[in-house]
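Trainee: I have a new structure to read. Could you take me through it, feature by feature?

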Amino acid sequence: MPRLARFARLGRGLDLPRVGRAVRALSLGLTRERRLAGEGYLDRPDSLAAYLLFYWPISYAQVRALLPELPAPRRVLDFGGGAGPAAFACLDAGAGEARLVDRSRPALDAARALAREVASPLSVERRTVPGPLPDGSFDLIVVQHLVNELWAGEPDALVRRVALARSLLSRLSPGGTLLLVDPALRETSRDLLVLRDALVAGGAAVRAPCLFRGPCPALARPADWCHAERPWEPPRLVAEIARAAGLHKEALKMCAVAFASPGEPWPEAPAGRVLRIVSEPLSGKGRRRYVGCGPEGRFGLSLQDKHVGPGNALFGQLARGDVIRASGLTARGDGLRIEADSVVVRLARAGEPAPSAPHPRRGAEGERPRSPGGASRSPGP
Ligand SMILES: C[S@@+](CC[C@H](N)C(=O)[O-])C[C@H]1O[C@@H](n2cnc3c(N)ncnc32)[C@H](O)[C@@H]1O
């Protein structure tokens, strides 16, 4: 944080109310009103300072939180990386080298200075989308908080984003990952899921977080969307700026999808009814509810207080992103009910890699066949 504060060129004292106002303006312009999306806001000193002091640490922490679910990369491309939080996050997590590309000179200058200071193997290049991609291949390409800004509001935005994502996929080394991260808003989430579906329809496999291989079931109803959440203790300065800006940053929230390199198959889900929790705990009279999404689709899950037992007690302690295996459920409408004798086991906590079956054997005892297309509407028990 002290280095970021220095590169934010705010002089000795930190004018917290001014930074707070700039953060608030960025937040409104990039999330609620969206009028800044795609604009050159990082070229303005106040916005760059707000970005470096507030959004940079958040972007950095988001990528640090997502990396454990992915194969460890050696060569990283931070595409549209601003002042490089994703690149630094990967380097700090053990990557060997990182390339950062962006169109904003001031942001790249800040990244260059930061890299010099901490002697990081970061190379920086100014590039604008659309335009040629950087040379070479990469184990991990991160595109963080950029996709939603590209061609925003234009009728052919999806087609152009798909074309860009496909060319980025083609730059992955075998076993590599394309990680797309966007703000946790319904609109940006749904746009990202539509992009996911287009890539999946073209044969791409999702490494995380999706366990469902068909079109994203969250798109079936206009109100639904999907995002990740990780607990986070913000640095003191970030917490102070958040207060000054009237924002809440007690947790990291983001929409993220990681795609495997072309030709790589989907990870095989473990046997049984496996579900990722994709909601926070939902209050309900006398029962605990979540939404789960797994190889069979997306379902409401519920457990009545009177049915809490030794095998299912864990259900009440789940967090968004956890992966569970549940047995002995009953189909109820378009959801699943956890019964007194149901067994709920956590296979992975949010942020841990979802386990995959070691030896995929379709139809083996205890393994459910996957539904090949859209979400199953009437799940079996
Ligand atoms: C919200 S910032 C995100 C920066 C960084 N990835 C992060 O997550 O903190 C969006 C970045 O995309 C860059 N950008 C926007 N449109 C661009 C374009 N057409 N070509 C290249 N970079 C672009 C901006 O300069 C800015 O650095």
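Mentor: Start with a sorting rule. Ala, Val, Leu, Ile, Met, Phe, Trp, Tyr, Cys and Pro count as nonpolar; Asp, Glu, Lys and Arg count as charged; the others, Gly among them, count as polar. By that rule, the shell around the ligand divides into eight nonpolar, nine polar and three charged residues.

Trainee: What kind of model is this, and how are residues numbered?

Mentor: The model is predicted: local features need pLDDT of at least 70, side-chain atom pairs count only at pLDDT 80 or more, and totals for chains, interfaces and linings use all residues. Numbering runs from 1 along each chain as its sequence is written.

Trainee: Which residues come nearest to the ligand?

Mentor: First, the cut-off: a residue is near a molecule or strand if its C-beta atom, placed from the backbone, lies within 6 Å of it. There are 20 residues around the ligand, and Ser59, Gly82, Arg103, Ser104 and Gln144 come nearest. Helix 3 (45-66) and helix 4 (85-92) are the elements that give two or more residues to this shell. Helix 3 has the largest share, three residues. Helices (H or I, at least four residues) and strands (E, at least two) are DSSP runs, numbered from the N terminus.

Trainee: How do I read a core, and which residues of the largest one touch the most other members?

Mentor: Begin with burial. A residue is buried if 20 or more other C-beta atoms lie within 10 Å of its own, exposed if 12 or fewer, and partly exposed in between; the C-beta atoms are placed from the backbone. A nonpolar core is a set of buried Ala, Val, Leu, Ile, Met, Phe, Trp, Tyr and Cys residues joined through C-beta atoms within 7 Å. In soluble globular proteins, nonpolar side chains tend to be buried together. Here the largest nonpolar core has 110 residues, and Cys90, Ala111, Leu179 and Ala256 touch the most other members. Helix 3 gives the most to this core, 15 residues. The core also draws at least three residues from each of domain 1 (2-260) and domain 2 (273-348). Those domain bounds come from an automatic or database domain assignment.

Trainee: What does alanine 256 touch?

Mentor: Contact means that the C-beta atoms of two residues, placed from the backbone, lie within 7 Å. Not counting residues up to four places away in sequence, alanine 256 touches Leu66, Leu179, Leu180, Val181 and Ala228.

Trainee: Is valine 142 buried or exposed?

Mentor: Count its neighbours. Valine 142 is buried because 35 other C-beta atoms lie within 10 Å. This residue is found in strand 4. Leaving aside neighbours within four places in sequence, valine 142 is in contact with Val63, Val76, Asp78, Phe79, Ala86 and Leu179. Valine 142 and glycine 80 are 62 residues apart in sequence, yet 8.5 Å apart in space, C-alpha to C-alpha.

Trainee: How many bridges join strand 4 to strand 5?

Mentor: Two strands pair if DSSP finds at least two bridges between them. Six bridges join strand 4 to strand 5, and the two run parallel. Valine 143 has leucine 180 in strand 5 as its bridge partner. Strand 5 (residues 172-183) is mostly covered, with nine of its 12 residues buried.

Trainee: In which sense do strand 13 and strand 14 run?

Mentor: Antiparallel: nine bridges join strand 13 (residues 323-332) to strand 14. Valine 323 has alanine 348 in strand 14 as its bridge partner. The two strands form a hairpin with two residues between them, and glycine 333 in the turn has a positive phi of about 60°. Strand 14 (residues 335-348) also pairs with strand 12 (residues 297-304), in the parallel sense over four bridges. There, leucine 303 stands opposite isoleucine 338.

Trainee: Which peptide bonds to proline are cis?

Mentor: Look at omega. The bond from valine 129 to proline 130 is cis, with omega near 0°. Proline 130 sits in the loop between strand 3 (122-126) and strand 4 (138-144). The bond from alanine 208 to proline 209 is cis too, with omega near 0°. Proline 209 is in the loop between strand 6 and strand 7.

Trainee: What is the phi of histidine 145?

Mentor: Histidine 145 has a positive phi of about 55°, although it is not a glycine. Histidine 145 lies in the loop between strand 4 and helix 6 (157-169). This histidine is buried, because 24 other C-beta atoms lie within 10 Å.
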